[in-house]
Amino acid sequence: MSSKSSSLWAPRHWPAQLGVAALKLAARVPWSWQLRLGPVLGRLLLWVAPGRRRVAARNLELVFPALAPADRARLLREHFAALGTGAFEFARAWFGSEKPWRRGLEIEGIEHLQALARDGRGVLLVSGHFTTLEACGRLLTAHVPVAGMYRAHDEPVMEAAVLAGRLRYASAMFKREELRAAIRHLKGGGILWYAPDQDMLGKDTVFVPFFGIPAASITATHQLARLSGAAVVPFFHRREGARYVLRIGQPLADFPSTDAAADTARVNTAVEAMVREAPAQYLWVHKRYKRRPPGEPPVY
């Protein structure tokens, strides 16, 4: 065992090691049970995480103002049920078997990726932060090699375990700071999966609409496409009961342009369309509007 691996077993990391062990155990629960336990876990989260509940409720109020309060309350409950199921999906994606997920799997538009591969062109596969993110990412990698870009976990034990789990199916994983390596991957004709729909608190952001509300949005999709020549392809995924639907769109035409803000707004529009198809499965517990344009009051 290396000194680095040994250090991860220091007493200060024992709680994280127990957390990883719990995830590995959860990953081995039969899928039929996970589908039943997920909503139960979600109902528990709804009450033990009041801060996140308030954030999600506020987000739904902002983006769906026309919904009746009772309908938004129902959507909030459905979202937390999806979060609970998503916790099992993440664990199974990293540490378990995806075989139960293959039953009834529907993949639309994979020919777009195959055509780009024949041309030797890289692909920036743009998605949103849905609860099904890891499950559907793993399912897609069984059909085409896909690398991912991610934010490293602050806890080193969790970071090591999750990275090892993802590398079981991803062709490579790049931290969001490893832009040069990601660009080389794209220039070499690789596929890179990226979800640019959160406020990352970085400096390369613009305020462009997301559900009609100015949202601090990173311009990385524009920059990566400009520097690599990769096609930008929307990737939508959702769970329908016990089965999954993956849909790969056509490459965005005339992307990138010379206007980073306009391109970022196009990406937000694409993600917004995905959200409208499966609103309960989007990650509403994230403070998407935590930064506001100058002079605008906070919304949380």
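The second largest pocket of this predicted model has a volume of about 180 Å³, and its lining is made up of Leu8, Trp9, Gln17, Val20, Ala21, Lys24, Phe95, Val157, Ala160 and Ala161. By residue class, this lining divides into 8 nonpolar, 1 polar and 1 charged. Helix 2 (14-27) and helix 9 (156-166) each supply at least two of the lining residues, with helix 2 giving the most, namely 4 residues.

When residues up to four places away in sequence are not counted, Tyr244 touches Trp31, Glu89, Trp101, Gly104, Leu105, Glu106, Thr132, Ala135, Cys136, Leu139, Arg238 and Arg239.

The structure holds 14 aromatic pairs. One of them joins Phe90 and Trp94 in an edge-to-face arrangement, at 5.4 Å centre to centre and with 85° between the planes. The two residues are separated by about one helical turn, because they lie 4 residues apart in helix 5 (residues 69-95). Phe90, at 24% relative accessibility, counts as partly exposed, whereas Trp94, at 10% relative accessibility, counts as buried. A further edge-to-face pair is formed by Tyr282 and Trp284, at 5.0 Å centre to centre and with 75° between the planes, and both of these residues are buried.

Definitions and conventions: Residues numbered from 1 in each chain as written. Predicted model: local features only at pLDDT ≥ 70, side-chain atom pairs only at ≥ 80, totals over all residues. Heavy atoms only, no water. 1 Å grid on protein atoms, 1.4 Å probe; cavity = no way out; pocket = protein on both sides within 12 Å on 5 of 7 lines; lining within 4 Å. Points joined across faces, edges and corners; volume = space filled by probe spheres on them. Nonpolar A, V, L, I, M, F, W, Y, C, P; charged D, E, K, R; others polar. Contact = heavy atoms within 4.5 Å. Phe/Tyr/Trp six-rings, centres within 6.5 Å; stacked < 30°, edge-to-face > 60°. Buried < 20%, exposed > 50% of the residue type's maximum accessible area, 1.4 Å probe, protein only.
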